[in-house]
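Come along and check each entry with me.

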Amino acid sequence: MSPPGRPKGESPSAAREAGSSRLLEVADVVKTFGGVRAVDHVSFSLEAGRMTALIGPNGAGKTTLFGVIAGQHAADAGAVRFEDRDLARVPVARRASIGIARTFQTAQAFATLTVRENVQLALAAHGGRELDPWRPLPSFDAAPADALLARVGLAEQARRAAADLPYADLKRLELAIALAGAPRLLLMDEPTAGMAAAERFALMDLVRGQVEQLGLTVLFTEHSMDVVFGYAQRLLVLSRGRLIADGTPDEVRADPAAQAAYFGADAAAAP
(Lines give C-alpha, C1' and ligand atoms only; values in the text may rest on other atoms or scores of the structure.)
Protein backbone atom coordinates (compact mmCIF):
# COMPACT_ATOMS: atom_id res chain seq x y z
CA MET A 1 0.00 0.00 0.00
CA SER A 2 1.50 3.35 -0.98
CA PRO A 3 1.25 6.38 1.30
CA PRO A 4 -1.06 9.31 0.53
CA GLY A 5 0.50 12.23 -1.24
CA ARG A 6 1.83 14.93 1.06
CA PRO A 7 0.38 18.45 0.98
CA LYS A 8 2.09 20.71 -1.48
CA GLY A 9 4.23 23.34 0.18
CA GLU A 10 6.94 25.81 -0.62
CA SER A 11 10.45 25.47 0.76
CA PRO A 12 11.03 26.65 4.34
CA SER A 13 13.07 29.61 3.09
CA ALA A 14 10.30 30.63 0.69
CA ALA A 15 7.74 30.33 3.47
CA ARG A 16 9.74 32.69 5.68
CA GLU A 17 10.12 35.16 2.82
CA ALA A 18 6.35 35.01 2.29
CA GLY A 19 5.84 36.12 5.88
CA SER A 20 4.78 32.89 7.59
CA SER A 21 4.48 33.34 11.35
CA ARG A 22 7.37 31.91 13.34
CA LEU A 23 5.99 29.80 16.20
CA LEU A 24 9.06 28.00 17.54
CA GLU A 25 12.70 29.03 17.38
CA VAL A 26 15.61 26.80 18.35
CA ALA A 27 18.71 29.00 18.54
CA ASP A 28 22.23 27.50 18.70
CA VAL A 29 21.20 24.80 21.19
CA VAL A 30 23.88 22.62 22.80
CA LYS A 31 23.29 19.66 25.12
CA THR A 32 26.09 17.49 26.50
CA PHE A 33 26.00 14.25 28.48
CA GLY A 34 29.20 13.05 30.13
CA GLY A 35 31.42 14.83 27.66
CA VAL A 36 29.43 13.68 24.63
CA ARG A 37 27.78 16.53 22.74
CA ALA A 38 24.39 15.02 21.89
CA VAL A 39 23.10 18.27 20.37
CA ASP A 40 25.74 20.44 18.75
CA HIS A 41 24.79 24.07 18.02
CA VAL A 42 21.43 23.31 16.36
CA SER A 43 19.31 26.17 15.04
CA PHE A 44 16.01 26.22 13.15
CA SER A 45 12.56 27.80 13.36
CA LEU A 46 9.08 26.46 12.68
CA GLU A 47 6.30 28.35 10.97
CA ALA A 48 2.73 27.95 12.17
CA GLY A 49 0.44 25.45 10.49
CA ARG A 50 3.03 23.07 9.05
CA MET A 51 4.18 19.48 9.60
CA THR A 52 7.92 19.00 10.07
CA ALA A 53 9.78 15.72 10.56
CA LEU A 54 12.97 15.51 12.62
CA ILE A 55 14.90 12.50 11.33
CA GLY A 56 18.36 10.95 11.47
CA PRO A 57 20.18 7.71 12.25
CA ASN A 58 20.13 6.16 15.72
CA GLY A 59 22.27 8.21 18.07
CA ALA A 60 21.92 11.36 15.97
CA GLY A 61 20.53 13.40 18.87
CA LYS A 62 16.86 13.46 17.89
CA THR A 63 15.52 12.29 21.26
CA THR A 64 17.77 14.69 23.16
CA LEU A 65 16.78 17.66 21.00
CA PHE A 66 13.12 16.69 21.34
CA GLY A 67 13.59 16.57 25.11
CA VAL A 68 15.15 20.03 25.15
CA ILE A 69 12.21 21.46 23.20
CA ALA A 70 9.65 19.65 25.35
CA GLY A 71 11.40 20.56 28.60
CA GLN A 72 12.70 17.19 29.81
CA HIS A 73 16.29 18.44 29.30
CA ALA A 74 17.77 21.86 29.96
CA ALA A 75 20.03 23.16 27.20
CA ASP A 76 23.65 23.79 28.16
CA ALA A 77 23.77 26.68 25.70
CA GLY A 78 21.46 28.39 23.26
CA ALA A 79 17.74 29.05 23.60
CA VAL A 80 14.32 27.68 22.70
CA ARG A 81 11.58 30.26 22.17
CA PHE A 82 7.87 29.67 21.70
CA GLU A 83 5.97 32.65 20.32
CA ASP A 84 9.02 34.77 21.27
CA ARG A 85 8.89 33.50 24.86
CA ASP A 86 12.11 32.01 26.23
CA LEU A 87 11.27 28.52 27.53
CA ALA A 88 14.37 28.13 29.72
CA ARG A 89 12.43 28.89 32.92
CA VAL A 90 9.14 27.29 31.85
CA PRO A 91 8.71 23.84 33.48
CA VAL A 92 7.28 20.89 31.55
CA ALA A 93 3.87 21.09 33.26
CA ARG A 94 3.58 24.78 32.45
CA ARG A 95 4.41 24.30 28.78
CA ALA A 96 1.10 22.54 28.20
CA SER A 97 -0.77 25.59 29.45
CA ILE A 98 1.00 27.93 27.01
CA GLY A 99 0.16 25.80 23.98
CA ILE A 100 2.69 22.95 23.70
CA ALA A 101 1.53 19.31 23.78
CA ARG A 102 3.47 16.08 23.38
CA THR A 103 2.75 12.46 22.55
CA PHE A 104 5.20 9.63 23.20
CA GLN A 105 6.57 6.65 21.31
CA THR A 106 4.68 4.37 23.71
CA ALA A 107 1.08 5.56 23.98
CA GLN A 108 0.17 6.85 27.43
CA ALA A 109 -3.29 6.76 29.00
CA PHE A 110 -4.90 5.74 32.28
CA ALA A 111 -5.66 2.07 31.68
CA THR A 112 -8.31 1.76 34.39
CA LEU A 113 -10.36 4.71 33.10
CA THR A 114 -12.69 4.61 30.15
CA VAL A 115 -11.78 6.28 26.88
CA ARG A 116 -14.14 9.17 27.65
CA GLU A 117 -12.85 9.55 31.20
CA ASN A 118 -9.26 9.87 29.97
CA VAL A 119 -10.26 12.81 27.80
CA GLN A 120 -12.47 14.30 30.51
CA LEU A 121 -9.55 14.22 32.92
CA ALA A 122 -7.32 15.99 30.37
CA LEU A 123 -9.97 18.66 29.76
CA ALA A 124 -10.41 19.24 33.50
CA ALA A 125 -6.65 19.54 33.97
CA HIS A 126 -6.24 22.02 31.13
CA GLY A 127 -9.22 23.98 32.43
CA GLY A 128 -7.50 24.42 35.78
CA ARG A 129 -10.32 22.72 37.67
CA GLU A 130 -9.73 20.67 40.78
CA LEU A 131 -11.61 17.40 40.72
CA ASP A 132 -14.07 16.93 43.57
CA PRO A 133 -13.67 13.41 45.03
CA TRP A 134 -17.41 13.44 45.79
CA ARG A 135 -18.32 14.27 42.22
CA PRO A 136 -17.91 11.42 39.70
CA LEU A 137 -15.51 12.02 36.82
CA PRO A 138 -18.16 11.33 34.14
CA SER A 139 -19.89 14.58 35.14
CA PHE A 140 -16.92 16.67 33.92
CA ASP A 141 -16.89 17.96 30.34
CA ALA A 142 -18.80 15.04 28.83
CA ALA A 143 -19.88 16.87 25.67
CA PRO A 144 -16.44 18.36 24.86
CA ALA A 145 -14.84 14.98 25.53
CA ASP A 146 -17.21 13.26 23.15
CA ALA A 147 -16.53 15.93 20.52
CA LEU A 148 -12.79 15.26 20.76
CA LEU A 149 -13.35 11.51 20.55
CA ALA A 150 -15.44 12.00 17.42
CA ARG A 151 -12.62 14.03 15.87
CA VAL A 152 -10.20 11.10 16.26
CA GLY A 153 -12.68 8.38 15.32
CA LEU A 154 -13.29 6.97 18.81
CA ALA A 155 -16.87 8.06 19.45
CA GLU A 156 -18.13 4.47 19.56
CA GLN A 157 -15.37 3.48 22.00
CA ALA A 158 -16.17 6.14 24.61
CA ARG A 159 -17.37 3.73 27.32
CA ARG A 160 -14.65 1.16 26.73
CA ALA A 161 -11.76 0.82 29.19
CA ALA A 162 -8.56 2.25 27.78
CA ALA A 163 -6.79 -0.99 28.72
CA ASP A 164 -9.00 -2.88 26.26
CA LEU A 165 -8.24 -0.74 23.22
CA PRO A 166 -6.24 -2.08 20.28
CA TYR A 167 -2.89 -0.31 20.04
CA ALA A 168 -3.89 1.82 17.03
CA ASP A 169 -6.95 3.10 18.92
CA LEU A 170 -4.81 3.79 21.98
CA LYS A 171 -2.66 6.06 19.82
CA ARG A 172 -5.83 7.86 18.70
CA LEU A 173 -6.82 8.29 22.33
CA GLU A 174 -3.42 9.77 23.12
CA LEU A 175 -3.94 12.23 20.27
CA ALA A 176 -7.33 13.25 21.69
CA ILE A 177 -5.76 13.76 25.12
CA ALA A 178 -3.06 15.95 23.56
CA LEU A 179 -5.67 18.00 21.71
CA ALA A 180 -7.65 18.58 24.91
CA GLY A 181 -5.45 21.55 25.74
CA ALA A 182 -6.01 23.18 22.32
CA PRO A 183 -2.24 23.27 21.63
CA ARG A 184 -0.64 25.37 18.93
CA LEU A 185 2.44 23.14 18.81
CA LEU A 186 2.22 19.34 18.95
CA LEU A 187 5.42 17.35 19.49
CA MET A 188 5.05 13.71 18.45
CA ASP A 189 7.78 11.19 19.29
CA GLU A 190 7.64 8.37 16.71
CA PRO A 191 3.83 8.49 16.51
CA THR A 192 3.48 5.42 14.28
CA ALA A 193 6.01 3.10 15.94
CA GLY A 194 4.70 -0.47 16.13
CA MET A 195 1.80 0.14 13.73
CA ALA A 196 0.94 -1.53 10.42
CA ALA A 197 1.02 0.58 7.25
CA ALA A 198 -2.74 1.18 7.07
CA GLU A 199 -2.80 2.18 10.74
CA ARG A 200 0.13 4.55 10.26
CA PHE A 201 -1.56 6.34 7.39
CA ALA A 202 -4.89 6.54 9.23
CA LEU A 203 -3.29 8.14 12.29
CA MET A 204 -1.25 10.61 10.28
CA ASP A 205 -4.31 11.51 8.21
CA LEU A 206 -5.95 12.52 11.50
CA VAL A 207 -2.94 14.60 12.46
CA ARG A 208 -2.79 16.29 9.06
CA GLY A 209 -6.50 17.06 9.40
CA GLN A 210 -5.82 18.99 12.60
CA VAL A 211 -3.07 20.93 10.84
CA GLU A 212 -5.38 21.87 8.00
CA GLN A 213 -8.46 22.60 10.11
CA LEU A 214 -6.94 24.24 13.18
CA GLY A 215 -3.62 25.60 11.94
CA LEU A 216 -1.83 23.24 14.32
CA THR A 217 1.96 23.06 14.03
CA VAL A 218 3.46 19.57 14.28
CA LEU A 219 7.06 18.48 14.85
CA PHE A 220 7.52 14.72 14.81
CA THR A 221 10.35 12.20 14.93
CA GLU A 222 9.86 9.12 12.80
CA HIS A 223 11.76 6.16 11.36
CA SER A 224 9.10 5.09 8.82
CA MET A 225 10.06 6.77 5.57
CA ASP A 226 6.61 6.25 4.10
CA VAL A 227 5.27 8.48 6.87
CA VAL A 228 8.09 11.02 6.60
CA PHE A 229 7.80 11.45 2.84
CA GLY A 230 4.02 11.09 2.82
CA TYR A 231 3.19 13.73 5.43
CA ALA A 232 6.06 16.05 6.30
CA GLN A 233 6.21 19.34 4.43
CA ARG A 234 9.69 19.93 5.75
CA LEU A 235 12.52 17.67 6.95
CA LEU A 236 15.25 18.40 9.48
CA VAL A 237 18.08 15.85 9.40
CA LEU A 238 20.40 15.36 12.37
CA SER A 239 23.68 13.47 12.35
CA ARG A 240 26.02 13.25 15.35
CA GLY A 241 24.17 16.08 17.02
CA ARG A 242 24.41 18.50 14.10
CA LEU A 243 21.72 19.68 11.72
CA ILE A 244 23.05 18.61 8.32
CA ALA A 245 20.01 19.19 6.08
CA ASP A 246 16.84 21.28 6.17
CA GLY A 247 14.31 21.55 3.38
CA THR A 248 11.36 20.01 1.59
CA PRO A 249 11.30 16.20 1.28
CA ASP A 250 12.50 16.42 -2.32
CA GLU A 251 15.32 18.80 -1.40
CA VAL A 252 16.49 16.66 1.51
CA ARG A 253 16.24 13.41 -0.44
CA ALA A 254 18.60 14.91 -3.04
CA ASP A 255 20.99 16.36 -0.46
CA PRO A 256 24.38 14.54 -0.58
CA ALA A 257 25.02 14.95 3.16
CA ALA A 258 21.60 13.55 4.06
CA GLN A 259 22.04 10.63 1.66
CA ALA A 260 25.44 9.76 3.10
CA ALA A 261 24.33 10.05 6.74
CA TYR A 262 20.87 8.51 6.63
CA PHE A 263 19.21 7.53 3.37
CA GLY A 264 22.09 5.78 1.64
CA ALA A 265 21.20 3.62 -1.32
CA ASP A 266 17.53 3.69 -0.36
CA ALA A 267 17.18 7.43 -1.00
CA ALA A 268 16.22 7.05 -4.64
CA ALA A 269 13.63 4.43 -3.78
CA ALA A 270 11.90 6.45 -1.05
CA PRO A 271 8.27 7.32 -1.86
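I looked up helix H4 (residues 115-126) and helix H5 (residues 142-151): their axes come within 9 Å and cross at roughly 115°. Axes here are lines fitted to C-alpha atoms, for helices over the stretch in contact, and angles run from 0 to 180 degrees between N-to-C directions. H4 is therefore roughly perpendicular to H5, a label for angles of 65 to 115 degrees.

The model is predicted, so I noted that local features need pLDDT of at least 70 and side-chain atom pairs pLDDT 80 or more, while totals for chains, interfaces and linings use all residues. Residues are numbered from 1 along each chain as its sequence is written, and side-chain values use heavy atoms, leaving out hydrogens and water.

Next I asked which residues in H4 and H5 meet. From H4 I listed Val115, Arg116, Val119, Gln120 and Leu123, and from H5 Ala142, Pro144, Ala145, Asp146, Leu148 and Leu149. Contact means heavy atoms within 4.5 Å. I sorted the residues of this contact into eight nonpolar, one polar and two charged. Ala, Val, Leu, Ile, Met, Phe, Trp, Tyr, Cys and Pro count as nonpolar, Asp, Glu, Lys and Arg as charged, and the others, Gly among them, as polar.

Then I turned to the sheet, which is open, with six strands in the order E6-E7-E8-E3-E9-E10 and mixed pairing. Two strands pair if DSSP finds at least two bridges between them. Helices (H or I, at least four residues) and strands (E, at least two) are DSSP runs, numbered from the N terminus. I found E6 (100-103) and E10 (242-247) at the edges, each pairing on one side only.

Technical notes:
Angles under 35 degrees count as roughly parallel, over 145 as roughly antiparallel, 65 to 115 as roughly perpendicular and the rest as oblique.
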